[in-house]
Amino acid sequence: MSKEIQLGSPSNQSPTRHASKSSHQVAHTGDDTDPVLSSLPVTKPPKSILPTPISISHTRTNKLTLVPLIFLIFFEVAGGPYGAEPAVSAAGPLYALIGFLVFPFIWSIPESLVTAELSTALPGNGGFVVWADRAFGPFFGWLMGTWKYLSGVINCAAFPALFADYLSRVYSPVGSGTGYYITITVMNVVLSVLNVTGLSIVGWFAVVLGVLSLSPFILMTGIAIPKIKPSRWLITAENKDWRLFFNTLFWNLNFWDSASTMAGEVEKPGKTFPRALVVAVVMTSLGYLLPLMAGTGATDASPDAWGNGFFADAAGLIGGTWLKYWIEVGAVLSSVGLYEAQLSSGSFQLVGMADLGLLPKFFALRAPFFETPWVGILLSTLITMGLSFLSFNTIVASANFLYSLGMILEFGSFIWLRVKHPDLIRPYRVPLRLPGLIVMCLVPSAFLILVMVITTWKVFVISAGFTVGGIAIYFIMGWCKANGCLKFSTGDSS
């Protein structure tokens, strides 16, 4: 590599329901607070705006700790440099290297800072859905949930296709026809069953996959150093495809906020989340830049040769056949990790939406023993499986568009929560005043608008259709809640 209701009847919704109770929200999560803040005299308890969870994990063994969270964030975003090759073919090594050097500063870091502040201030499941709901109300919470959930499952659907594509280079029958469909179906089912076993297991599994998938690139970079000619980095493509270039950059470096949907499952989120995000940003950025420098600088391959999967060919040219096959295996393992991380994020997002009253209570049901949201996992798996057979390029572009809509709303929620709830306890706080925060969010927002403007009409129509469908479901759920057809949470604060 990424992607993003109070479904009560609009007539029944009270503008004051988000602040219906007053209690210290950190007491709800069991997290540690800033020692400086806790030492100050408090005459009035700060209001909690975190919704009361319908169901929670009762075992510490299934809580996410620092290292697994780092690798889950890594797989939410990247999973290694696999999939970065089209940036080279679209614009050439020079622009690809500049893009992966600069883009983390104008996009990844601002998004990570927003995620760190809001995930620690509102450490419950649902993440960005909770932020939008508490900032602008249930309708916008539903819009956020629609855009981010769909972008996530669409993004997740790309990984079985990548898995089959890389595996076909080793075993050709899985690349087309019946073998292709069987491979995608089996991957979806097996990995979904693994996801039910719990975030702790999935998190440590991600650690193992991350080490195995990154190792061949570390070796490739080391072997390539004496073969690098810096002049090769200055080459540009003759016919530049800027749409493909920017979509590739965006797809490979977004979804930093996806892990926020699992904040309620993290051990001491106030401390763990900021640390995990810092390490993940550095690891991901270097994980793209260094292999690209090695692959473009140590080979004479033209930009046209850099299609999906070319890193394996570049590794073969640099280190030999053994390294090529290792990267092929690493790509398969990376696809597994990406799938697991995205599936976990999507299923826990649905739990958070149920806590808010945006979805029926049964979405918060947890599996016996493992305490994972099996309803969300099942629904996400079925949608992902259906989307896995679509065109890979259409999948990426549609996920980017929906994610862009969600991110603009997310930046707006971040700014407005600073204004609306200045007394909210924030264990981590972005060290900028309001004007600085606005500028920090405007720069990546301009890029989001660019990504949406340069999209194709087909992607625009698909995204508009999903949005209209989501709004229709919002009102259907509101009718169900008003008429008692399904059971919903009130979405009140704890």
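Lys324 is partly exposed, with a relative accessible area of 27%, where partly exposed covers the range between buried (under 20% relative accessible area) and exposed (over 50%), for a 1.4 Å probe and protein chains only. This residue belongs to a predicted model, in which local features need pLDDT of at least 70, side-chain atom pairs count only at pLDDT 80 or more, and totals for chains, interfaces and linings use all residues. Residues are numbered from 1 along each chain as its sequence is written, and side-chain values use heavy atoms, leaving out hydrogens and water.

Side chains of opposite charge can pair when their charged atoms come close. The structure holds eight salt bridges, each defined as a side-chain nitrogen of Lys or Arg within 4 Å of a carboxyl oxygen of Asp or Glu. In one of them, the side chain of Lys324 meets that of Asp313 at 3.5 Å, N to O. The pair links distant parts of the chain, with Asp313 in helix H12 and Lys324 in helix H13 (residues 321-355), eleven residues apart; helices here are DSSP runs (H or I, at least four residues), numbered from the N terminus. Asp313 is partly exposed too, its relative accessible area being 26%.

A further salt bridge joins the side chains of Arg232 and Asp300 (2.9 Å, N to O). Arg232 sits in the loop between H9 and H10, and Asp300 in the loop between H11 and helix H12 (310-319), so parts 68 residues apart in sequence are tied together. Arg232 is buried at 11% relative accessible area, whereas Asp300 is exposed at 67%.

Lys148 and Asp257 also meet through their side chains in a salt bridge, at 2.3 Å from N to O. Here Lys148 of helix H7 (residues 138-168) is linked to Asp257, in the loop between helix H10 (242-252) and H11, across 109 residues. Lys148 counts as buried at 1% relative accessibility, and Asp257 counts as buried at 0%. Elsewhere, a network of salt bridges links Glu117, Arg418 and Arg426.

Attention now turns to helix packing. The axes of helix H9 (residues 199-224) and helix H11 (residues 269-297) come within 9 Å and cross at roughly 45°; axes are lines fitted to C-alpha atoms over the stretch in contact, and angles run from 0 to 180 degrees between N-to-C directions. The contact (heavy atoms within 4.5 Å) involves residues including Leu214 and Phe217 of H9 and Met283 and Leu290 of H11.

How values were computed
Helices (H or I, at least four residues) and strands (E, at least two) are DSSP runs, numbered from the N terminus.
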